Amino acid sequence: MYTCNFWIKRMSKLCPFGKMEFEPLSLGNEVVEFDLMGLGDIDHPVVDIDIFDDSLAVVGSNPIALPYIIEGETNLEPYEGMEFESEEAAKAFYNSYARRTGFSTRVSMSRRSRRDGAIIQRSFVCAKEGFRMDKHEKRGPECDGRVKRPRAETRVGCKAMLVVKIQDSGGWVVSCFVKEHNHELVPPDKVHCLRSHRHVSGSAKSLIDTLQGAGIGPSGIMSALIKEYGDISKVGFTERDCRNYMRSSRQRTLGGDTRVLLDYLKNRQANNPAFFYSVQGDQDQCMSNIFWADPKARSDYTYFGDTVTFDTTYRSNRYRLPFAPFTGVNHHGQPVLFGCALLVNESEASFLWLFKTWLMAMSGRPPVSITTDHDRVIRMAITQVFPETRHRFCKWHIFKECQEKLSHVLSEHSNFEAELHKCVDLTESIEEFESSWLSLIEKYDLRDHEWLQGIYADRRQWVPIYLRDTFFAEMSITQRSDIMNSYFDGYVNASTSLQLFVKQYEKALESRYEKEVKADYDTINTAPLLKTPSPMEKQTGELYTRKLFMKFQEELVETLTFLATKVEDEEAGSIYQVAKFGESHRAYFVRYDVHEMKAFCSCQMFEFSGLLCGHILTVFRVTNVLTLPSHYILKRWTRNAKSDVILEERASNLLNRSQEYLTARYNNLRHEALKYVDEGVGTVEIYNVAIAALQEAAKKVALENKSGRRLVSVNKTGRDDDLHWGCQANTFGDHKWGLETLSPDDQDKKIQKLSRQLERARRKCEVYRTHLFSVLKDIEEQKLQLSVKVQNIRIEMEECN
């Protein structure tokens with residue numbers, strides 16, 4: 001008989017790196033076996049698995065045995081020599097003992113017979129046994145040791161264990177039992193959180209299935225289970241286990257054909273009326289094309305539906321069905337979903353139906369721009385359904401086609417592809433592109449190439465220089481010009497079956513939602529790192545999301561490398577030439593109207609991306625525009641992009657207008673003052689006149705500021721809290737404000753009192769404003785639900801006809 005100390009001593013000699021083969025430890029006809037499946041979590045080679053793993057507890061149809069307890073001996077403690085009829089009985093008993101005591105267990109090691117390979121010894125240990133292996137040590141010296149998401153340390157080297165071995169009779173006997181733990185045990189009301197004790201029972205599964213079918217979510221189901229069982233500790237599992245089971249149950253209900261997919265969509269709509277789906281049938285009423293959009297997709301479109309990407313490059317391997325998602329870009333620059341379609345055929349009629357159905361689901365509001373594959377049929381359908389929308393072909397799909405259509409040119413001329421990219425991406429004007437394209441065609445003798453002639457005819461729909469005047473929510477003209485394929489990357493590909501597709505679709509949605517929540521959290525809880533003392537940088541750091549602010553910050557900092565020279569001064573505005581020092585040949589031109597505070601740059605970055613370019617910001621810098629005008633702050637890039645558009649615009653209209661007027665007055669006054677300074681330094685005489693005039697003006701401004709205090713008065717016929725504000729001085733006649741007869745000290749006290757009353761009134765207004773937002777938001781949600789119901793009725797009527 002070999003003791004536990006012998007096992008530990010022998011195991012400590014094994015190599016801790018990776019999955020490796022070891023020479024078995026021979027003991028007569030017995031072999032000690034080490035299971036290396038979980039090596040990454042420990043510091044020595046004892047490899048183990050949880051007795052009840054999460055996946056085993058919630059996935060699969062085979063029930064897991066409940067903890068084994070000897071009848072009449074519920075408080076029995078293990079001891080050496082204790083016998084069990086099977087290995088599973090020993091494991092269940094030790095886990096039951098662990099539950100009563102307050103710790104979690106796992107299987108650590110086994111020994112097999114050298115003769116027939118049967119297991120003859122098992123070790124069950126405390127879940128806190130051993131130590132986690134250091135990542136740098138595990139991966140080797142070439143690893144830099146950095147861990148993106150370090151996990152909490154859960155292992156503390158606990159020695160508690162139970163070792164059992166088989167007897168000649170077929171039964172099992174305890175050969176070693178270590179009772180003591182080197183850590184605190186878990187109290188009874190928390191023991192259900194331990195991994196080996198979390199188990200979704202059959203009765204709980206039945207109740208979860210029933211409640212899930214009724215449209216109740218995980219939180220509501222857990223509340224019902226707690227009420228049913230009387231206490232969370234008696235439920236036996238956590239909300240996370242409930243979510244896992246619900247997900248696996250939902251996935252098991254999906255079959256392998258489109259009929260099951262339709263049932264799935266119907267159930268989603270039954271659970272939430274805002275879920276939209278539609279099916280196009282042929283003359284035999286067989287299913288043809290399917291489109292669906294969940295409530296989040298429809299909601300996101302109201303905020304970010306200005307530009308859309310439609311992609312048909314995903315394919316299901318078994319049915320070869322094009323999976324076509326509609327996607328966009330949210331306020332963090334992340335891809336966001338606006339709906340999905342499965343197309344049985346790709347005819348013009350199919351795309352017409354799809355685009356009309358999608359537009360109906362999006363409340364009939366077409367996007368500003370849309371990006372699609374380079375496809376003639378899609379273009380014809382978009383022209384009919386979205387006549388006012390700017391249609392762009394995916395540039396990178398065209399370059400991919402180029403590798404196929406011009407393979408002979410690429411093989412013969414290694415520089416052709418680079419020159420083509422330079423011609424398309426780096427030309428700064430239409431004339432420059434046309435000249436560069438013609439030179440390229442002539443150089444490689446491609447004048448008669450049919451495919452090149454076709455894409456040149458379509459150049460206004462894919463070459464960046466022709467598209468700069470339209471919003472596509474991209475940060476750079478030369479970056480990858482679309483987010484096609486990115487939303488479902490890693491989830492759907494050419495080998496994805498239809499059954500697996502639905503599962504992967506849900507996983508992709510969950511993953512994207514988690515990333516958006518993380519970006520929201522980082523934006524709210526991370527203060528922007530300012531690089532300049534500019535008030536504009538501070539202003540935008542408080543308005544934009546984290547990623548968009550960093551992009552704006554790059555443009556702002558780059559203004560320090562630009563020089564702006566006024567080249568023309570007109571009544572409609574001034575024209576500036578902006579270029580980096582020593583690079584006047586690469587200059588951009590900015591037209592700036594100082595009175596309206598509007599600027600236009602030849603690079604058209606704002607029109608294309610919604611963020612101001614460094615060229616306009618340079619002009620703002622040299623003309624002392626300290627803060628960004630509100631009309632250059634697109635709400636879709638701000639932190640509150642997903643607040644209700646209509647409500648906020650109504651509520652903040654007066655405030656924004658007041659801020660704009662204040663900024664405009666400041667800039668106009670500053671502009672006139674600077675002109676006055678320029679003219680006043682010519683001679684000493686002119687300078688003296690200018691100084692005297694400025695001093696006189698300063699006295700008048702100070703006098704006006706002093707008399708401006710009379711704009712606040714206490715209404716003597718009402719309560720002291722009622723304040724009357726005057727917009728024009730001549731509307732009040734000879735009315736006395738009650739301050740003239742007071743001493744200076746009393747006047748200050750009166751003013752302080754009125755200021756406090758004004759602050760209280762302001763706080764009340766904020767409370768009323770918040771309540772108003774809540775009420776109006778509820779009204780908007782009810783309108784959306786009614787709109788969905790009306791649309792669903794219309795679809796049903798069309799299908800009946």
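These are my notebook entries on what I looked up in this predicted model.

**Ground rules**

I'm working with a predicted model, so local features need pLDDT of at least 70 and side-chain atom pairs count only at pLDDT 80 or more, while totals for chains, interfaces and linings use all residues. Residues are numbered from 1 along each chain as its sequence is written, and side-chain values use heavy atoms, with hydrogens and water left out.

**Entry: helix α17**

I looked up α17, residues 450-457. Helices here are DSSP runs of H or I with at least four residues, strands are runs of E with at least two, and both are numbered from the N terminus. Which residues of α17 are buried? I got Trp451, Leu452 and Ile455. My cut-offs: buried is under 20% relative accessible area, exposed is over 50%, and partly exposed is in between (1.4 Å probe, protein chains only). On the face turned away from the buried side I noted exposed Glu450 and Ala457.

What do the buried residues of α17 pack against? They pack against α13 (395-405) and α16 (430-443), with contact meaning heavy atoms within 4.5 Å.

**Entry: aromatic pairs**

I count rings of Phe, Tyr and Trp (its six-membered ring) as paired if their centres lie within 6.5 Å; planes under 30 degrees apart are stacked, over 60 edge-to-face, and the rest tilted. By this rule I have 29 aromatic pairs. Phe291 is in strand β10 (residues 287-293) and Phe326 in strand β13 (residues 322-329), 35 residues apart, so I logged the pair as a link between distant parts of the chain. Phe291 and Phe326 are both buried.

Next I checked Phe433 with Tyr466, also edge-to-face, at 5.9 Å centre to centre and 85° between the planes. Phe433 belongs to helix α16, while Tyr466 is in the loop between α17 and α18 (498-525), 33 residues away. Both Phe433 and Tyr466 are buried.

I also found a cluster linked by ring pairs; among its members are Phe291, Phe326, Phe338, Phe386 and Trp358. I took a closer look at Trp358, which is in helix α11. How accessible is Trp358? Its relative accessible area is 0%, so I have it as buried. Leaving aside neighbours within four places in sequence, Trp358 is in contact with Phe291, Tyr301, Val308, Phe326, Phe338, Pro367 and Phe386. Trp358 and Phe291 are 67 residues apart along the chain, yet their C-alpha atoms are separated by 7.6 Å.

**Entry: salt bridges**

For a salt bridge I need a side-chain nitrogen of Lys or Arg within 4 Å of a carboxyl oxygen of Asp or Glu. My search of the whole structure gave 25. I opened Arg122 with Glu87, at 2.6 Å from N to O. Arg122 is in strand β6 (residues 119-126) and Glu87 in helix α3 (residues 87-101), so the pair ties together parts 35 residues apart in sequence. Arg122 is buried at 18% relative accessible area, and Glu87 is buried at 18%.

Within α3 I also noted Glu88 and Lys91, 3 residues apart and separated by about one helical turn. Their closest N and O atoms are 3.3 Å apart. Glu88 is partly exposed at 49%, whereas Lys91 counts as buried at 18%.

Glu570 bridges to Arg591, with the closest N and O atoms 3.1 Å apart. Glu570 lies in strand β17 (residues 562-570) and Arg591 in strand β19 (residues 588-593), so this pair joins parts 21 residues apart. Glu570 is partly exposed at 33%, and Arg591 is partly exposed at 38%. I also logged a salt-bridge network of Lys296, Asp300, Glu516 and Lys642.

**Entry: positive phi**

Which loop holds Ser363? It's the one between α11 (348-361) and β15 (369-372). Phi of Ser363 is near 65°, a positive value in a residue other than glycine. Gln604 also has a positive phi, near 60°, and it lies in the loop between β20 (598-601) and α21 (605-609). Gln604 is buried, with 17% relative accessible area.
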